[in-house]
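Here are a few exercises to work through with the model open on your screen. Try each one before you read the solution.

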Amino acid sequence: MQLTVEHLAGLFPEPLASDSKYTRGIVGLITGSDEYPGAGVLSTCAAASCGAGYVRYSGPDRVVQTLLGLHPEVVFSASPDHRVDAWVLGSGYGGLYGANDVRGTQIRHILSHLDQAYAVVDAGALESFATMELTPQQRSHCVITPHMGEAARLYTVLGERVYADQLANNPEYAAAYMARQLGCTVVLKGAQTVVACADGTSFVCPPATHRLATAGTGDVLAGLMGGMLALHAQMIQAGEVELARVAAAAVCVHSYAAGLAAHDTEEMDEWLGRTRRSAHSHALNVLQMTEQIPAAIAVMSR
């Protein structure tokens, strides 16, 4: 179904007087690598900007040093030993390569011990997730975020040979197929991102600025989505809100934050029923996009 503004109702709760950093959700990120350190920076900046109460990060030292200057509130310890409500795994990571891969082992351990927590599985962790032996409950607690090329590789893991452009021709079917086969929620990224879950529920998200077609925006989405899942983890567990709807709301915030950063919110404004129109759009600065997340959430929560 087409996602509507009404689907966002109640998904941006204001802090209560009784809240603490723990009740507002703890998000843990294992993202970035020596080859792609920016993915760690962008995913963590996004997670720290969406209202979650506590952000933990584990990754390369140079990512840590950069984050200290951008978000000194981040705690640089994220491991299975810590309490985490939602994980972000794999962004900027080349893949899981066996027993000697310490980070890969850590990611696999997290996925295979999901109980109350949720996980956003991105990039280098996708194919490992698809091939792991996980319980139905563990899979149902996972959101995977492939772009079309990654989706084509997941199809190969599932025994089907397709090309990215074929999937782009029918993204709703592709997302629903992967959700059924993998037992998880799928966020298939594209010109109009589709969110699908294993029970058949799906949302076609509104079109966003084409300026999003640049490196790093997927890392922002993964971190933002992890933060929002952490913020809503208790409500999802209690059946008060659906995981797929939270994921779709994160896509909308991501789209609007990009529009604000690139001065190109026209399509999203029309979807929201707002009269504001953008002019003179420009190239997207992805780090500045993370800084626009609070403003985007303020718009979505009205």
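**Exercise 1: the overall build**

Of the 302 residues in the protein, 56% are buried, meaning under 20% relative accessible area with a 1.4 Å probe and protein chains only, while exposed is over 50% and partly exposed lies in between. A word on the ground rules: this is a predicted model, where local features need pLDDT of at least 70, side-chain atom pairs count only at pLDDT 80 or more, and totals for chains, interfaces and linings use all residues. Residues are numbered from 1 along each chain as its sequence is written, and side-chain values use heavy atoms, without hydrogens and water.

Task: find out how the radius of gyration of the protein fits that of a compact globule.

Solution. Start with the rule, 2.2 Å times the number of residues to the power 0.38, with the radius taken over C-alpha atoms.

**Exercise 2: around β4**

Task: work out which strands pair with β4, and in what sense.

Solution. First, strands are DSSP runs of E, at least two residues, numbered from the N terminus, and two of them pair if DSSP finds at least two bridges between them. Next, take β3 (residues 86-89): four bridges join it to β4, and the two run parallel. Here W87 has A119 as its bridge partner. Then turn to β5 (residues 142-144), which is also parallel to β4, over three bridges; V143 sits opposite V120.

Task: are the faces of β4 (residues 118-121) covered or open?

Solution. Check one side: Y118 and V120 are buried.
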